[in-house]
Each structure stands twice: as C-alpha cells, then as structure tokens.
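User: Walk me through this one, please. Keep it brisk.

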Amino acid sequence: MQNDRLIIAGREFTSRLWVGTGKYKGFAETKKAIEASGADVVTVAVRRVNITDRSKENLLDYLDPKKYTILPNTAGCYNVEDAVRYARLARAAGVSDLIKLEVLGDERTLFPDTAGLIEATKILVKEGFIVLPYTNDDPIVAQKLVDIGCPAVMPLAAPIGSGLGVRNPYNLKIIMEMVKVPIIVDAGVGTASDAALAMELGADAVLMNTAIAGAQDPIAMAEAMKYAVYAGRLAYKAGRIPRKLYATASSPIEGML
Amino acid sequence: MAEAIQIQVNGEQRGCRADATVGDLLRELAIKTERVAVELNLEIMDRKDFDHCSLKQGDRVEILSFIGGGAPMDAQGKGRGFVHAE
C-alpha cells in the first residue's frame, strides 16, 4: 500500500479520505478533525467576506496550503449560471483550477440536477477548469461527465448529510467498472462501515463532511474514518472471497477420529 | 478631499471617496487581497487591476473568499439537523 497513490489530473494524493470543512464548532476543531482524518484534500465553499466584522478569523489561516489541496465547491448553487459564476469566483480567489462542481436540483434531497451539471461541466472544462462533478449514482451520467473531460467523478452514496450510507452499491459498482477515471464516493456516509463499504466496492476515495463534523466526538470519528477507508481499500486490493449460500469448512476432515 | 460617492459592497450601501480604487476599498476594509475574489458589477476582476480600477457612483462590488463547507446547507449556515433512518 506504500505506492498506492491516487492520481487525478496529474496531481498525486496520499489520502483516499477527503473531508469537508463545514459544520464544525470552530476552526480549532476543524483543524484537529482534519489532522485526525489524515486527509490531504479539503473542500471549502465560496461566500461573501464579512465586511462589518473584520475580527473574524479565516478558515484558510488554519489550513496550510502546502499541506492540503484546497478544493472549492459550488455548494448552494441550484442552476448552471450560479454554479459557473461561483466556480469562476473560486478560481479568481486564487487557489487553483480545481472545482468540485455541484448543481443541485432540489432543497429537500440536495440531489444533483444532472442535466444542469452536464451543461455547467461543458462550460467550465472549456474554460480550463479541472472539474470534479458531484453526481448521482447514475452510470450513464458518470460516463457523459468523463466524455466531457472530467478527470474523476463523484457519485453520491446517499443524500448529503443523511448518514444513510451506500444506498445503491450495485449502481456504484457499475460506475466503477464502466468509468475509467477515479471514482470518489461523495456524500451520505454515516459511520466507518459505510466508508469501508464504499472502498471495498472499489471506490478510489471517499469524501465526507457531516459524518465527521456531526459526530458526538468529531476528532475520534475522523480517526475512525481514516482507518475505515484504509481497511476498505486494503480489502478491495486483497480481493474478497465470493459469497456462497452454504458453508465451506475451513478445517480439514482428514485426521478426524 | 474628493467628493464622496455611494457604492454597494456585499449588498450594503456605503460611501467612499470619488477617486478611490478597488484596492483602496479593500485596504479600508482591512481585507487581504490573497484568496479573495472581487466582482465589480458582475464582472470578475483580475487582482492585478485592483489598484488601477476607480470606483464610480452606484458600483456594485462583491468581495468573496473561502469558508468552511462540504454540504450546501452547511455553507449557507442554515443547518438542518439530522434525518434518522429509523
């Protein structure tokens, strides 16, 4: 596993667990949780600077850009125009061409609007963005996103923040077999076994926020997720035994009385 | 002293010197220019132009940066609690 690096658009990542930075009690807790998770990619949102209270600290003061890849998202965008605008703002703010593209379809489910996602992806790829799209667990859409030029796709496990875990392992498995770019399972993980399952299915990485930030002890959960993703990856590489309906004895019959 | 003009910054009305540049505004607000994006009347600015671009009466300026975020609702600060499976 020493050389088991994740490579996306020529960038090498050491961790297969990526984390969001929302919902924490404060920046100190955010920083500790990220450190405990071992993640080297962290997602951030783009929002108005608070101009009335300049005493507020900035999240990025807590995150060393040399240590972490900062992945801005277009969270909160419900149409193509907004998503493209926020992506351009993120790039203008000067981190990189990387964007986690979200075009949401509905406030209750926060499911992606895949038609809008495809449209926004086309625009941004043309403008030189490295688009990592947050998408549904739909293999056809995933392939379309790759055809447009996405160097990875990010299908959901379950609705954002739902903690339901992998709801459609079969679709995710089909995406992993069909699509020849890294698959990052994004959103819906609830606990360590969910993350392990996503990795056992063959995901290249898992991205989560609420499962860690919303846990009673976020730092401990961050550590649990680190091991879960690592164990799931090892199990995937090791190759699990096939499922069988009946028993197969582990001990030999020879030598019995 | 130069004549004052009214501009809108992040949705709020604000007075500023008629000869002020976007760079002056950022300095006045004590905003570091690295990792900040500025939109002037819906056009995203190149940071190289901050000190050359003078503000005009009625200009709409948006100053954005990165905040903690993963899920959309977190980022909007709404929070929506947890939905339990059972």
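**Interface, strands and salt bridges**

Analyst: Chain B and chain A bury about 3,500 Å² between them, and carbon and sulfur atoms give 59% of that. Buried area here is the accessible area (1.4 Å probe) that two parts lose on being put together, summed over both. This is a predicted model: local features need pLDDT of at least 70, side-chain atom pairs count only at pLDDT 80 or more, and totals for chains, interfaces and linings use all residues. Residues are numbered from 1 along each chain as its sequence is written, chains are lettered from A and ligands numbered from 1 in the order written, and side-chain values use heavy atoms, with hydrogens and water left out.

User: How many residues does the contact take from chain B and from chain A?

Analyst: Chain B gives 35 residues and chain A gives 46. Contact means heavy atoms within 4.5 Å.

User: How many salt bridges across the interface of chain B and chain A?

Analyst: The rule finds 2 there. It asks for a side-chain nitrogen of Lys or Arg within 4 Å of a carboxyl oxygen of Asp or Glu. B:Glu62 and A:Arg48 form a salt bridge, with their closest N and O atoms 2.7 Å apart.

User: And how many salt bridges over all chains?

Analyst: The structure holds 20.

User: Switch to chain B. Which face of strand S1 is covered, and which uncovered?

Analyst: S1 of chain B spans residues 4-9. B:Ile5, B:Ile7 and B:Val9 make the covered face. B:Ala4, B:Gln6 and B:Gln8 make the uncovered one. In a regular strand the side chains alternate between the two faces of the sheet. Strands (E, at least two residues) and helices (H or I, at least four) are DSSP runs, numbered from the N terminus.

User: S1(B) and S2: parallel or antiparallel?

Analyst: Antiparallel, with 6 bridges joining S1(B) to strand S2 (residues 12-17) of chain B. Two strands pair if DSSP finds at least two bridges between them. B:Gln8 stands opposite B:Gln13 in S2(B). S1(B) and S2(B) form a hairpin with 2 residues between them. In the turn, B:Asn10 has a positive phi of about 45°.

User: In what sense do S1(B) and S5 pair?

Analyst: Parallel, over 2 bridges; strand S5 of chain B is residues 60-68. The bridge partner of B:Val9 in S5(B) is B:Val61.

User: What does B:Arg14 meet in a salt bridge?

Analyst: B:Glu28, at 2.9 Å from N to O. B:Arg14 lies in strand S2 and B:Glu28 in helix H1 (residues 22-28) of chain B, so the pair ties together parts that are 14 residues apart in sequence. B:Arg14 is partly exposed at 24% relative accessibility. The cut-offs are buried under 20% relative accessible area, exposed over 50%, and partly exposed in between (1.4 Å probe, protein chains only).

User: Which residues are linked in a network of salt bridges?

Analyst: B:Arg17, B:Asp19, B:Asp24, B:Arg27 and B:Asp51. Within that group, the side chains of B:Asp19 and B:Arg17 meet at 2.9 Å, N to O. B:Asp19 is partly exposed at 44%. B:Arg17 is partly exposed too, at 37%.

User: Now chain A. A:Glu29 forms a salt bridge with what?

Analyst: With A:Lys25; the closest N and O atoms are 3.2 Å apart. A:Glu29 is buried, with a relative accessible area of 16%. A:Lys25 counts as exposed at 71%.

User: What order do the 3 strands of the open sheet in chain A take?

Analyst: S6-S7-S8, with parallel pairing. S6 (98-101) and S8 (154-155) stand at the edges with a single partner strand each, so one side of each has no neighbour in the sheet. S7 (residues 130-135) pairs with S8(A) over 2 bridges. A:Tyr134 stands opposite A:Met154 in S8(A).

User: Is A:Ala195 buried or exposed?

Analyst: Buried, with a relative accessible area of 0%. A:Ala195 lies in helix H6 (residues 192-201) of chain A. Leaving aside neighbours within four places in sequence, A:Ala195 is in contact with A:Val189, A:Val206, A:Met208, A:Met225, A:Ala228 and A:Val229. A:Ala195 and A:Ala205 are 10 residues apart in sequence and 9.1 Å apart in space, C-alpha to C-alpha.

User: Last one. Where is A:Ile174?

Analyst: In helix H5 (residues 169-178) of chain A. A:Ile174 is partly exposed at 41% relative accessibility.
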